[in-house]
Amino acid sequence: MPRDLVRRAARRLRRSLTGARPTPVTEPVRLPVLGYVVAGGGGAHPASAHVRVVRRTEHLARTGTAEIRQVDPVAFVDGTDTTGYQVVLVQRDALPRDLVAPFLAAAAERRTRTAAEVDDDFFTESGRDRLARAEYDPDRLASIDALVRGADLVVVSTDELAALVRPLAHRVVVVRNALDPTIWTPGEPVTDDDRPADEHRVLYMGTLTHGADLALLRDVFTDLTAPDGTPIRLEVIGVTEDADEPSWYRRVEVPDGHYPAFARWLVDHRERWRAGVAPLRDEEFNRAKSDLKALEYTALGLPAVVSDRPSYRDARGHGVVAVPDDVGAWRDAVRGAVAAGTADPAATRWVRDERTIGEDGDAWRSALLD
């Protein structure tokens, strides 16, 4: 009897073993490889490269969406770089003019899609003239033109810019600017720059392409005071390289550092100001500009006062004050912003929920990787 039990148990064991399915071996997931070409390296890039490309690609890497690599254009063209890129994104004039055609040809041979990224009007005559005054030489402008015409896709920041690019490009996708929460999330502010009692400070920051826009503020801030008589003082970061500082604004020097360090410095010193301003002249070049300044001021907790232009159409619907070209209206708007001292809650929610990387949809990812 015990022997029968043993035999039956052995038969059941053999049947279970022969009928068992082997454990499947899963292949490691291969992420798509996104290459990008921008000015600079090692994290030291122009602000536009950080905002439009680098911070977004790093988000893709952090979330396990893609493998990212900064591409050496020469190595890509001569075949030294053998990486199997799904797509390579080139920003603005990051490729020298004489390398654009070989780069596009090498990508086509490797069946790698190419994307160009532009966030300014490099295409109208007035836009090119304005950029030329900001040190864009003809070769740089020609490089951008060739890239936009030859790339499989062009990514732009506004609808107005998309309308300028569509006649030249194969395909255009609008991806609006968004802020990286890893550098724009406020911590404790520094205490040595607390708002002084004898003046209210208002911030205007921007690139050298905004020098002409600064002049719009001359009559606004000249002798401007709050209702209680406290002076309201404009402070400027960037914007102009004029050696002489006029009496109606003060230039603020920021410690050396690239965009992430600059943004963190602003966040740390945000209590220095009570508001931020972003004037734009009614010019063709400015119609393609984005609303980045409204996003950044709001992230600093500051009420933003901006020109009533297409750039700020969305911002205007979310608590940002848009002002027509009238000195009196500007002076009243600035006084109101200074009195408030903090960003409108609606603007804060808008930036947090819709214009922060990771919360702004997947248009950038899907345009490049789908």
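In the predicted model, helix α4 (residues 97-109) packs against helix α6 (residues 138-150) at an angle of about 15°, and the two axes lie 8 Å apart. Because the angle falls under 35 degrees, α4 is roughly parallel to α6. The crossing of the two helices is right-handed. On the α4 side, the contact is formed by Arg97, Val100 and Leu104. Helix α6 contributes Asp139, Ala142, Ser143, Ala146, Leu147 and Gly150. Sorted by class, the contact between α4 and α6 comprises five nonpolar, two polar and two charged residues. An α-helix has 3.6 residues a turn, so residues three or four places apart point the same way.

Helix α12 (residues 292-299) is mostly covered, with eight of its eight residues buried. The buried set consists of Leu292, Lys293, Ala294, Leu295, Glu296, Tyr297, Thr298 and Ala299; Lys293 and Glu296, which count as charged, are thus listed among the buried residues of α12. Just after this helix, Gly301 adopts a positive phi of about 85°.

A further glycine, Gly42, is located in the loop that runs between strand β1 (33-37) and helix α2 (47-62). Gly42 has a relative accessible area of 86% and is therefore classed as exposed, the cut-off for that class being over 50%. Along the chain, Gly42 and Gln70 are 28 residues apart, and their C-alpha atoms are separated by 9.3 Å.

Notes
Residues are numbered from 1 along each chain as its sequence is written. This is a predicted model: local features need pLDDT of at least 70, side-chain atom pairs count only at pLDDT 80 or more; totals for chains, interfaces and linings use all residues. Side-chain values use heavy atoms; hydrogens and water are left out. Axes are lines fitted to C-alpha atoms, for helices over the stretch in contact, and angles run from 0 to 180 degrees between N-to-C directions. Helices (H or I, at least four residues) and strands (E, at least two) are DSSP runs, numbered from the N terminus. Angles under 35 degrees count as roughly parallel, over 145 as roughly antiparallel, 65 to 115 as roughly perpendicular and the rest as oblique. A crossing is left-handed if the near helix is turned anticlockwise from the far one by less than a right angle, and right-handed if clockwise. Contact means heavy atoms within 4.5 Å. Buried means under 20% relative accessible area, exposed over 50%, partly exposed in between (1.4 Å probe, protein chains only).
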